[in-house]
Amino acid sequence: MADDAVRQYLTFSLCGERLALPSLLVSEVLDVPPVTFVPLAPGHLRGVVNLRGNAATVVDLSQKLELDAECHKPTCLIILERDYDGDTLAVAALADAVHEVVEVADADVAPPPDMGLSVPTRFVRGLAQVDGAFTILLDADRLFSLEELAAGGGE
């Protein structure tokens with residue numbers, strides 16, 4: 001049964017919100033290195049970083065998720081391995097803080113509410129109670145799709 005499945009998520013903070021991404025997609029977490037600006041990129045794409053000789057695109061999730069950028073104080077990068085047309089590429093997501101890996105049963109994931117959520121629901125897989133507080137489980141496939149990365153922030 002799918003409801004019996006338990007998945008692991010990496011929890012992190014962004015603009016005071018507690019969010020999570022599937023831990024299977026995360027290859028590592030790094031302190032924020034120097035970021036090389038890329039002209040004409042959408043505003044939510046901060047640029048690229050050198051990741052052992054390969055370029056990784058840096059995504060400002062606070063802007064992509066329409067959160068208040070004034071409170072955003074990124075301290076780390078969450079490096080995700082994504083498949084784009086058969087090529088595995090690294091994408092780096094800025095986070096204010098990374099917490100821990102938690103296990104969440106699929107049966108304990110509530111659908112996103114129709115209103116009142118701080119981020120666009122199109123990027124949300126669901127909500128889960130973690131340590132007595134709601135954590136927003138992000139839909140990494142949608143959030144880091146080529147279409148979304150190319151689109152302007154806040155659409």
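## Overall build

What percentage of the 155 residues in the protein do buried residues make up? Buried residues, meaning those under 20% relative accessible area with a 1.4 Å probe and protein chains only, make up 43% of the 155 residues. The model is predicted, so that local features need pLDDT of at least 70 and side-chain atom pairs count only at pLDDT 80 or more, while totals for chains, interfaces and linings use all residues. Residues are numbered from 1 along each chain as its sequence is written, and side-chain values use heavy atoms, with hydrogens and water left out.

The protein has three helices and 10 strands, both taken as DSSP runs numbered from the N terminus (H or I over at least four residues for helices, E over at least two for strands), and their order along the sequence is β-β-β-β-β-α-β-β-β-β-β-α-α.

## Dimensions and surface

The radius of gyration, taken over C-alpha atoms, is 15 Å, which agrees with the value near 15 Å for a compact globule of 155 residues; that rule is 2.2 Å times the number of residues to the power 0.38. Along the principal axes, the C-alpha atoms fill a box of roughly 45 × 30 × 25 Å. Among contacts (heavy atoms within 4.5 Å) with a separation of 6 or more, 57% join residues 24 or more positions apart.

The accessible surface, from the Shrake-Rupley method with a 1.4 Å probe, comes to about 8,200 Å², and 51% of this surface belongs to carbon and sulfur atoms.

## Cysteines

A search of the whole structure finds zero disulfides, a disulfide being a pair of cysteine sulfur atoms within 2.5 Å. For Cys-76, the closest cysteine sulfur is that of Cys-15 at 13 Å, which is too far for a bond. Cys-76 is buried at a relative accessible area of 7%, and Cys-15 also counts as buried, at 13%.

## Two buried residues

Thr-11 lies in strand β1, which covers residues 6-14, and is buried with a relative accessible area of 0%. Not counting residues up to four places away in sequence, Thr-11 touches Arg-18, Leu-19, Ala-20, Val-98, His-99, Glu-100, Val-102 and Thr-135.

Ala-140 is found in helix α2, residues 140-143, and is likewise buried, with a relative accessible area of 4%. With residues up to four places away in sequence again left out, Ala-140 touches Leu-21, Pro-22, Leu-25, Arg-82 and Ser-145. The C-alpha atoms of Ala-140 and Pro-112, which are 28 residues apart along the chain, are separated by 15 Å.

How values were computed. Buried < 20%, exposed > 50% of the residue type's maximum accessible area, 1.4 Å probe, protein only.
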